[in-house]
Amino acid sequence: LSFPNWYIEQVLDEEQSDLTRTLSTLRKDYKTMDAALKRIQGKSKQAGQQFLFESFPRWYIGWLLVQTKFDETQCWKALQKSQKTLELLRNMERDADQSLLQWLFEQGGCQVRGRDTEGRPVIWLRKFDDQGKISFPYTEHLLHVVWVTTWVMRAMKPDLVDRGLLVVLSIRDLSLQSINPVLEGKLAGMMSSLFPVSNPGGKNCIYYRNSLVNQKQEQIVDRFLARSPDGASFFHLVTSDGQDILDLLQDPRDVPSTFFESGKAVSFDMATYGNYQELINRAGFHRIELEDLWFPGSQRSSKRVERPEYVRKASTEYMEPEIQFEIKNSICSETLIRCKSRSVGRM
């Protein structure tokens, strides 16, 4: 079990930087966390869903407990919702348009390329040139982005899982008119349901090209600095200088050409998209379990346990009401300054 750095800093602030009181509070919270974790494990046994409890690392459940203010019931429901979301993805891939999925991969709007200086894999995101092809209920787009995210997690070294990912979102070609709030909300809802603790230990960046930012660009930045229900910002670092992005990478040559003209063209290989043809052939998410994301390369046997029927419900909308999530704009008075990134902290 461990505490995220943001929580340690919060306690330190509450205790007015008194290290003795801070350590005392953290020790007490650690005991609370450990006891809650054991009760959640008891809930999983009682519900016949111990496989679900075993699908997540203990530190991740601990961070979720911190996020929920040690509410074990809310934490357990979040773990169940993650499994339900995986089942929704299986339903979606069954009905997805295979040619549209292939086209989305060819666009290179969401791809894995390179690592940052801390060893994190890098996901590059940008606006798709949809040409009218992306429409409600956005099944293929959702599948594509979630697939790339889950692929990079499955490909990580086990000892790097708690370092998270570096996510770089380019808004340089966005306008307020080109932002689709319905798609944005569905994607945020699916990601926050599948990953109740968002990118733990990772870093998220917004990249825009111009050093001089007008009011419209500031509004766009504000939108992507929207807050999740626990108060955490989806994107912490805002940068207008392409060099800032390059400095984060182990090898600047890994930058995709979709971000910098001198970068590499999209590659249809395992490093970029994984075995994405399985997704196109409607057998991708059907072969993935939650533990594959948090224990990459694991041969654990819990995935062989039969899953409860309740998580196999089909959904024509692909988003149950409890999984839907509406992004709320936050009012940021200093959106164009660098925000301090929160990194992993262990006790």
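Two rings of Phe, Tyr or Trp (for Trp, the six-membered ring) are taken as a pair if their centres lie within 6.5 Å, with planes under 30 degrees apart counting as stacked, over 60 as edge-to-face and the rest as tilted. By this rule the count comes to 16 aromatic pairs. One of them joins Phe3 and Tyr7 in a stacked arrangement, 5.5 Å centre to centre with 25° between the planes, and both Phe3 and Tyr7 are buried, where buried means under 20% relative accessible area, exposed over 50% and partly exposed in between (1.4 Å probe, protein chains only).

The model is a predicted one, in which local features need pLDDT of at least 70 and side-chain atom pairs count only at pLDDT 80 or more, whereas totals for chains, interfaces and linings use all residues. Residues are numbered from 1 along each chain as its sequence is written, and side-chain values use heavy atoms, with hydrogens and water left out.

A second pair brings together Tyr60 and Trp294, whose ring centres are 4.2 Å apart and whose planes meet at 40°, so the pair is tilted. Because Tyr60 lies in helix 4 (residues 58–67) and Trp294 in helix 13 (residues 290–294), this pair ties together parts that are 234 residues apart in sequence; helices (H or I, at least four residues) and strands (E, at least two) are DSSP runs, numbered from the N terminus. Tyr60 is buried at 0% relative accessibility, and Trp294 is buried with a relative accessible area of 5%. Both belong to a cluster that ring pairs build from Phe56, Trp59, Tyr60, Trp63, Phe195 and Trp294.

Helix 8 (residues 181–194) has 14 residues, which at 1.5 Å a residue should span 20 Å, and its end C-alpha atoms are 20 Å apart, in agreement; the expected span is 1.5 Å times one less than the number of residues.

Asp254 is found in the loop between helix 10 (242–247) and helix 11 (270–273), and Asp254 is buried, with a relative accessible area of 16%. Leaving aside residues up to four places away in sequence, Asp254 touches Arg113, Gly114, Arg115, Trp124 and Lys264, a contact being heavy atoms within 4.5 Å.

For the protein as a whole, there are 13 helices and five strands, and 54% of the 347 residues count as buried. Among contacts with a separation of 6 or more, 81% come from residues 24 or more positions apart.
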